[in-house]
Amino acid sequence: MSAPVIFDRSRDEIEEEANGDVFDIEIGVSDPEKVGDGMNAYMAYRVTTKTSLSMFNKNEFSVKRRFSDFLGLHSKLATKYLHVGYIVPPAPEKSIVGMTKVKVGKEDSSSTEFVEKRRAALERYLQRTVKHPTLLQDPDLRQFLESSELPRAVNTQALSGAGILRMVNKAADAVNKMTIKMNESDAWFEEKQQQFENLDQQLRKLHASVEALVCHRKELSANTAAFAKSAAMLGNSEDHTALSRALSQLAEVEEKIDQLHQEQAFADFYVFSELLSDYIRLIAAVKGVFDHRMKCWQKWDDAQITLQKKREAEAKMMLANKPDKIQQAKNEIREWEAKVQQGERDFEQISKTIRKEVGRFEKERVKDFKTVIIKYLESLVQTQQQLIKYWEAFLPEAKAIA
Amino acid sequence: MTTLTEIKLLPTLILLVSCEYLAIFKKTVAMHEVFLCRVAAHPILRKDLNFHVFLEYNQDLSVRGKNKKEKLEDFFKNMVKSADGVIVSGVKDVDDFFEHERTFLLEYHNRVKDASAKSDRMTRSHKSAADDYNRIGSSLYALGTQDSTDVCKFFLKVSELFDKTRKIEARVSADEDLKLSDLLKYYLRESQAAKDLLYRRSRSLVDYENANKALDKARAKNKDVLQAETSQQVCCQKFEKISESAKQELIDFKTRRVAAFRKNLVELAELELKHAKGNLQLLQSCLAVLNGDT
């Protein structure tokens, strides 16, 4: 399914406009609320949009959406835009285990963490999607943000028929990719593909290390808390008064430090680790777009081969002198000539779009990483400043032991 | 590329290994120093010939380890002691000082044992986190060298930061180990030794009481009275002597404990401060460079 030509032109115009426009739209996802009971329960999230863009009816508005709504939105956008070369940001991943815990009603910290993780991911997903000038113009996106009622997206159910079909298609695609031998006339594409491949590998490695850090930091927090309690007990049984006091103070310091570790682990995860995991999935989308270009080329190439066959068939008919068959052959040749032309146009269009998209993507990537790295370092600075405060307060207590 | 990265990381690897070695070496030296100082401060032990030989003999001492027989003897001694310990600790002490010490030591020993274990775990977690910083630094370096965009400078600078920060974190872990974990471990053993001393005194008390009973019996039967009297006097002397030295040892134990904790807690706080300030300075200067870039 390819977009109608008329849509293509106006899209280009709108993009020019958007580039001059001040990008002014802010999305927040908040207030997760459990709706319903038992296995049919779900989390509803409030999606708030603040904007001065004229295409929206109001400047500030909010709606309630559930996770499958987000998946539905992504599905629609992907279907419309991926195959023509636009890098559509991927939606957050499903988690049957995580969601089941929430449905069953476990009010423990792991399900609260899961909901918070999801909320933050949904927010980042929407922010990335609206940042894309073409996607921002899409009516489905606008409907998602604005309208109070949304038809339920049924095809996103994990074990549904459509879900299984999607899985099969993905597999078929993978097999296809191996057999497509494209004549790459443009070195830029090959280079970029290699670059993204390398970036993918490195990001995965970094992500694994950061995940390990989050894990160890949480362990450190737990062990510090345990030590604090133990030190308090030791202080209680110490019969030298001043030393007893100092040990209690030490216990208090360690308790505060435990809090610090928890906050730092939070930053490790939400600021650093989640950015990396977002980009790993984004790069998968980029790779997908390159794959679509290859498929597009394949279609064009197939059309050329078929045209050639039709010409040969016509020549045969001419020799055999069958007038009605000759006419049919001529018709088919015209049909396939048009298809070849369309194929070439599509291929050029997708190549052009991808070049622009990759340029935009790289700019975003640089900005994102710079922002996140600075934010993360600032969290580390805060932790060290607090540590200094705590130990500076403790030192005179230790010196006071007489 | 792999080879180049490995070569670049080799000096870091050497530094890592030598840092570890240095940390362990510092620990060992500290423990030995404490031990020798204690022996030197002890009124009786300081006069021991073995101690003098240890300090003065300028050639190799050729100490032999315990042979099988001696190790077996130790094992049996410990077994007897723990069986006895159960019998003897039930006896309530007439002397308030020793009664208080016994209650105190039993509880203190258990709590210091717990604190020591928890401190060990905390120190190990710190080290794991420091190791993660190392891996993150390497990954960032790899990203930085591959990236052709603006952000490669960021990656390289932050990689450098993580390398330096990791060294500080490793030192935090090592210092906590030295000043806190080792301190607690030491007093775990010390409080055990104090408990053992109380046990020996209790044994001596039991012997004394038994000797008293034997003397009464002998007097009642008017048989072997002299023998019983001598035996009772010996037990009495032993008991009084051990009580006197035990009292002094236990008072000293408290004094030393307070001094050791004070010294170590002060040093711990000072080192934590030093490292936190070091880390802060690294982070702030890195941020200054990165912010100047954007």
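The model is predicted. Chain A has 10 helices and three strands. Chain B touches chain A through 61 of its residues, which meet 57 residues of chain A. Across all chains, the whole structure holds 47 salt bridges.

**Chain A: overall layout**

- Read from the N terminus, the elements of chain A follow the order α-β-β-β-α-α-α-α-α-α-α-α-α.
- Chain A has 402 residues, and 47% of them are buried.
- Contacts in chain A between residues at least 6 apart in sequence were sorted by separation; 76% of these join residues at least 24 apart.

- Strand 1 (residues 25-35) and strand 2 of chain A run antiparallel and are joined by nine bridges.
- In this pairing, Val35(A) sits opposite Tyr42(A) of strand 2.
- Strands 1 and 2 of chain A make a hairpin, with six residues between them.
- Gly36(A) lies in the turn and has a positive phi of about 85°.
- Strand 2 of chain A also pairs with strand 3 (residues 60-66), again antiparallel, through seven bridges.
- Here Ala44(A) faces Arg66(A) of strand 3.
- Strand 2 (residues 42-51) of chain A has seven of its 10 residues buried, so the rest of the structure largely encloses it.

**Interface of chain B and chain A**

- The two chains bury about 5300 Å² between them, with carbon and sulfur atoms giving 72% of that area.
- Arg111(B), Met122(B) and Leu265(B) supply 10% of the area that chain B buries against chain A, more than any other three residues.
- Six salt bridges are counted between chain B and chain A.
- One salt bridge pairs Lys277(B) with Glu392(A), whose closest N and O atoms are 3.6 Å apart.
- On chain B, the side touching chain A draws at least two residues from each of helix 4 (96-146), helix 5 (151-221) and helix 6 (225-293).
- Helix 4 of chain B gives the most to that side, with 25 residues.
- By class, the side of chain B that touches chain A has 32 nonpolar, 13 polar and 16 charged residues.

**Salt bridges within chain A**

- Asp138(A) and Lys80(A) form a salt bridge, with closest N and O atoms 2.8 Å apart.
- This pair links distant parts of the chain, 58 residues apart: Asp138(A) is in the loop between helix 5 (133-136) and helix 6 (139-146), and Lys80(A) is in helix 2 (residues 67-81).
- Asp138(A) counts as buried because its relative accessibility is 1%, below the 20% cut-off.
- Lys80(A) is partly exposed, at a relative accessible area of 22%.
- Lys131(A) and Glu364(A) also meet in a salt bridge, at 3.6 Å from N to O.
- That pair spans 233 residues, with Lys131(A) in helix 4 (residues 109-131) and Glu364(A) in helix 10 (residues 323-399) of chain A.
- Lys131(A) is partly exposed, with a relative accessible area of 31%.
- A network of salt bridges links Arg124(A), Arg128(A), Glu274(A), Asp278(A), Arg281(A) and Asp368(A).

**A salt bridge within chain B**

- Glu160(B) and Lys164(B) meet in a salt bridge, at 3.1 Å from N to O.
- Both residues lie in helix 5 of chain B, four residues apart, about one turn of the helix.
- Glu160(B) is partly exposed at 35% relative accessible area, and Lys164(B) is partly exposed at 37% relative accessibility.

Methods
Residues are numbered from 1 along each chain as its sequence is written. Chains are lettered from A and ligands numbered from 1 in the order in which they are written. This is a predicted model: local features need pLDDT of at least 70, side-chain atom pairs count only at pLDDT 80 or more; totals for chains, interfaces and linings use all residues. Side-chain values use heavy atoms; hydrogens and water are left out. Contact means heavy atoms within 4.5 Å. Buried area is the accessible area (1.4 Å probe) that two parts lose on being put together, summed over both. A salt bridge is a side-chain nitrogen of Lys or Arg within 4 Å of a carboxyl oxygen of Asp or Glu. Ala, Val, Leu, Ile, Met, Phe, Trp, Tyr, Cys and Pro count as nonpolar, Asp, Glu, Lys and Arg as charged, and the others, Gly among them, as polar. Buried means under 20% relative accessible area, exposed over 50%, partly exposed in between (1.4 Å probe, protein chains only). Two strands pair if DSSP finds at least two bridges between them.
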